[in-house]
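I opened a new notebook page for this structure.

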Amino acid sequence: MALFLIGLVILAVGGFFYGKYVEKVFGPDDRETPAIRLADGVDYVGMSKGKNALIELLNIAGTGPILGPIQGILFGPIAFLTIPIGCVLAGATHDYFVGMISIRNNGNQVPKLISRYMGPKANKIYIVIICILMLLTGVVFIYTPGDLIVNDLLGMDVNGAAIWYAYAGILLYYIVATLFPIDKIIGRVYPIFGAVLIISAIGIFGGVVLTGGADLHNMTQGVLISKHPTGQLFIPIFFITVACGILSGFHGSQATLISRTTKSEFEGRNIFYNSMLIEGFIAMAWAAGAMVVFNRGAALDTNATLMVGNISREFMGKIGGLFAVAGVIVLPITSGDTAFRSLRLMVAEQINFDQSTAKHRVLLSLILFIPAVLILFFAKSNAQGFQILWRYFGFTNQLVAVFALALISVYLKMHGKNYFITLIPGMFYAFIVTSYIASADIGLRLPMNVAYVLGVVGAAFFCFMISKVVKNRGDEVMKTEQ
């Protein structure tokens, strides 16, 4: 309990002061934002700071800050330190700068920002990776809510015919959502769901503090880092498993959406940085809830999705648990919606396909849903399909974050600002993704000592590329900004 509370203090106090420093480094001013300057009534629509913050929170908080920490706590109470420290220094910093750099560049999506600051060659690589991530995110966020609807709400077999009706209903919603401007559905309805998300996390947190103290202890004896039940190593697996709550590349695609609805640069810290801090709190609450429930007898190999219902009912009762599960169902649906929306906008920007008409938005969405359905069918028909899908999703998610941290570092160095605040996290995650894919079953399957060496090489290469890009493109970029 002491370590859990220390982690929360780090998250709140550290986040407040470091957030102010991050804001100072960027230097917001009173220039007109894209929401005002480029208002089109569809994607560029000015909304209030509070509404934008809730939408940003709901967009970034799929099942990641819930399922990830439930699995991550199996590594031990070290999670109560790594989640808040990583959130403050890496995740929230990443989200803030991506959102603010997008505001300074007409609300452009990350691929265009990569092209501008890092060059067209980097963009060609990035656009492939980010589109894969958005596609995998959309599929994951159809799969998990569909299973929860069928299993927890309807009490039916998730391998039966009913599951495909649930999936079809979610996909239909995604199509319908493209017909409406961002402020009509996302702006009006999603803040309500954001409140449900926060209330559920507070409920779990309250239950842990009031009734779970005696069971909030490590699942093994006396060590900060547990031996994972399946023998996985803390580094790099933990940082791939627990993405949302610490650092997630997916968040960049959502921050650029909200950059188009932000009316003042001075609102950025509240919208982007602080929303990530709240997600860090959500991750901490669910990690603590999972630790208590595991210590009360739940099998350590219990499926993370099933643990959502177990934790909710343990601390919030039958009715409160149903409320929490409903919130967890809504989370991935809303994040899936915005994932496909981001994918649509990215593809449209790359091929210059006008998105001002509903017909064009629906057409492009239907084309993008074809590979999504094929991946979904594979994940459902293969016994290990979803696990494979989740591993690729986790790896791709963090690889995208590495690109975003490189972008931010380049931007800051070009503008003569402190770029070490993203260079250091970027080098760390370059090490993580390189060592993971080098050693993982879905990767090269190399010995771990070899993978660590390659990870160091990856981190050094990250640093080298930042210097090279700034040297080659710095003068050209800065001339266009004068």
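This is a predicted model: local features need pLDDT of at least 70, side-chain atom pairs count only at pLDDT 80 or more; totals for chains, interfaces and linings use all residues.

**Entry 1: the largest pocket.** I looked up its volume and found about 1400 Å³ of space in the largest pocket. I noted how such space is found: rolling a probe the size of a water molecule over the atoms shows where empty space is left. A pocket here is an open set of points on a 1 Å grid over the protein atoms alone, where a 1.4 Å probe fits, with protein on both sides within 12 Å along at least five of seven lines. Grid points are joined across faces, edges and corners, and the volume is the space filled by probe spheres set on the points.

Residues are numbered from 1 along each chain as its sequence is written, and side-chain values use heavy atoms, with hydrogens and water left out.

**Entry 2: its lining.** Lining residues have an atom within 4 Å of a point. I found 47 of them for the largest pocket, with Gln71, Gln232, Gln387, Trp390 and Arg391 nearest its centre. Helices that each supply at least two include α4 (64-72), α7 (120-153) and α13 (304-351). Helices are DSSP runs (H or I, at least four residues), numbered from the N terminus. By class I read 23 nonpolar, 18 polar and six charged residues. Asp, Glu, Lys and Arg count as charged; Ala, Val, Leu, Ile, Met, Phe, Trp, Tyr, Cys and Pro as nonpolar; the others, Gly among them, as polar.

**Entry 3: the second largest pocket.** Its volume is about 590 Å³. Of its 21 lining residues, Met118, Ala122, Phe403, Phe461 and Met465 are closest to the centre. α17 gives the largest share, eight residues. The classes are 14 nonpolar, four polar and three charged.

**Entry 4: α13.** I then found a bend of about 130 degrees at Gly317. The bend is the angle between axes fitted to the seven residues ending there and the seven starting there.

**Entry 5: α8.** Helix α8 (residues 162-177) reaches 23 Å, close to the 22 Å expected. Its buried residues pack against α7, α13 and α14, with contact meaning heavy atoms within 4.5 Å.

Notes
The expected span of a helix is 1.5 Å times one less than its number of residues.
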